[in-house]
Amino acid sequence: MRWGLLLLLFLSSMRSCGCAPPQTCHPGDELLGRCTNDVLGDKPTCTQLTLGYCNDLEYSRTVFPNILGQRSSRDVESSAEYLLLSVIHGLLSGECSPEIRLVGCSVLASPCQDDKMIKPCRSTCDALRRDCAHAFEAIEMAWPYFLDCDRFFASNEEGCVDPLAALKGKGLALSGAEPSTILQFTYTTNAQMYSLLKRTAAKCPQITQVYSIGRSTEGRDLLVIEFSDNPGKHELLEPEIKLVANMHGNEVLGRQLLIYLAQYLCSEYVLGNQRIQTIINTTRVHILASMNPDGYELAASEGHLLNGWTNGRTNAQNIDLNRNFPDLTSIFYRNRRSRHYRIDHIAIPDAYWFGKVAPETYAVMKWIRSLPFVQSASLHGGDLVVSYPFDFSRHPQEERMFSPTPDEQVIKQLARTYADAHATMSNNDTERCGASFYQTRGIINGALWYSFAGGMSDFNYLHTNCLEITVELGCDKFPSEAELYPEWKRNKEALLSYMESVHRGIKGVVQDVDGKGIKGAIISVRGVRKDVTAAEDGDYWRLLNPGTHILTATARGYSRVSKRVYLPHNMNKAGRVDFVLAKVGLLSSSSDLSDFEPGAREEKPWWWNYFSQSGISPPQWLLRSV
């Protein structure tokens with residue numbers, strides 16, 4: 001009797017120590033080897049399945065203790081695992097639902113036959129993780145430990161149950177052998193382009209929208225298609241990237257590639273392509289396939305056989321759009337030796353508006369100013385190379401002079417990203433169009449190639465936070481239709497890699513002491529005379545290469561805060577560095593120059609409140625740093 005009482009006291013103390021969810025051992029502690037979930041003396045017993053969130057399983061009886069050692073339905077219902085399944089639909093915005101919940105339920109409440117447990121199938125778990133891991137990564141949540149395919153699932157040979165069998169029977173489950181996207185590699189008229197983009201948006205309304213940024217000289221829409229998991233809205237800390245083509249109306253390959261890219265992104269997202277889903281779920285992508293539809297109309301009327309080098313290049317007013325932006329580069333050169341002159345976000349001079357400003361240029365300028373773009377690419381034709389700012393020489397009389405921006409190394413790496421991912425661009429033996437880029441492996445500083453003022457890339461850099469490269473896709477500005485498919489194959493990986501590259505460097509939020517974002521806060525990097533400013537809600541992005549950087553956040557009326565940041569070479573996403581600024585007078589400027597690694601920050605992700613306020617033991621195993 002005394003021994004039995006001591007055992008009860010021992011088990012009670014183990015429960016109160018918080019080592020178990022909900023009985024013997026916390027999953028995080030078990031994974032670290034601190035304790036075990038082995039249940040002593042409990043014989044498996046079949047019982048009626050009464051879990052509300054699991055009532056649509058294809059069986060009605062389960063077994064306790066379950067795989068995790070939970071002894072009853074009450075134990076399951078009071079666990080973090082069950083709470084996660086109850087909120088997972090909302091956390092993942094409906095993605096992978098109800099698959100995640102059903103597979104999770106098959107672990108918490110496995111089917112029972114003759115008082116023996118039948119585990120769920122490992123093949124089902126493997127397919128689920130392959131198709132849904134990106135959704136957890138997008139919200140910075142670790143893959144749940146109880147969906148470990150090797151530990152809690154069985155092979156077909158061992159005998160298992162497929163919790164998704166009913167869904168597969170209805171044709172709703174994630175597909176194993178994924179069909180491929182079908183594209184039609186022909187040229188499209190302006191009307192066909194508009195129709196294709198709108199049909200694409202209608203096919204994927206949950207991730208796309210189309211919108212017009214203005215009209216051309218002859219009244220044609222400058223139509224943009226946007227891809228995002230929340231289209232039409234800027235999401236905190238989600239970077240925005242734009243891809244622009246057909247600025248010169250007779251350079252048509254880029255226009256077709258972006259039309260194909262839009263169709264590809266939509267189709268592959270629906271088909272469950274994990275890479276595409278990750279891009280769209282973590283990035284807001286804007287595609288302007290034709291900036292100069294009037295010029296294209298003229299070039300297309302002649303066709304690829306008759307079209308010359310310049311017909312259709314300009315807009316209907318005979319304006320070269322890539323010479324029509326404000327010349328801020330000259331202003332930069334005049335003031336670059338002034339120590340206190342800000343060389344970023346340079347204002348547009350009043351004199352610019354007295355000249356002839358094309359409606360296409362004006363529309364794109366308004367667009368650039370209206371969204372917090374981080375990165376951009378403009379697709380052209382006429383050679384095979386990626387050029388990067390500055391495009392205007394630092395000595396106007398010098399037609400070919402290396403003229404770097406303060407972000408030379410970062411923007412050069414962006415150019416390198418596209419060129420290296422292209423099938424042939426960085427190869428030294430690739431045939432060019434008269435120019436020689438073999439020493440630079442397919443990239444070049446724009447002014448070193450040839451100098452011109454009023455370009456769009458220089459304007460992006462000096463007036464906004466955005467870094468833009470210019471991609472010259474090939475010698476033939478208007479290739480034949482037979483070349484469209486080979487060109488898509490050569491450029492597809494480069495386009496995807498370039499979109500992914502926006503997730504490098506640093507991102508974060510600048511807030512006041514009350515947690516309110518500070519719009520327009522300035523984030524500077526020591527040694528780089530180019531600052532970025534925070535967006536509407538205080539979030540910012542700073543593209544940086546690996547290494548140690550000292551960042552400083554300032555805002556009018558607030559203190560100055562500095563942090564030393566180390567970016568390792570193996571980072572595959574932007575590090576998070578937040579700043580909290582106090583009103584001047586409440587707290588003086590501060591400096592925190594201790595080594596800081598963005599991946600190891602202490603603050604909890606936004607979804608943590610779901611669990612911390614529920615009264616259960618917080619699931620540390622959902623934190624990616626554990």
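Mentor: Gladly! Buried means under 20% relative accessible area, exposed over 50%, and partly exposed in between (1.4 Å probe, protein chains only). This is a predicted model, where local features need pLDDT of at least 70, side-chain atom pairs count only at pLDDT 80 or more, and totals for chains, interfaces and linings use all residues. Residues are numbered from 1 along each chain as its sequence is written, and side-chain values use heavy atoms, with hydrogens and water left out.

Trainee: Is Glu297 buried or partly exposed?

Mentor: A salt bridge puts a side-chain nitrogen of Lys or Arg within 4 Å of a carboxyl oxygen of Asp or Glu. Glu297 forms one with Arg220, the closest N and O atoms being 4.0 Å apart. With a relative accessible area of 36%, Glu297 is partly exposed.

Trainee: How many residues apart in sequence are the parts that Glu468 and Lys242 tie together?

Mentor: Their closest N and O atoms are 3.2 Å apart, in a salt bridge, and both Glu468 and Lys242 are buried. Helices (H or I, at least four residues) and strands (E, at least two) are DSSP runs, numbered from the N terminus. Glu468 lies in strand E12 and Lys242 in strand E7, so the parts they tie together are separated in sequence by 226 residues.
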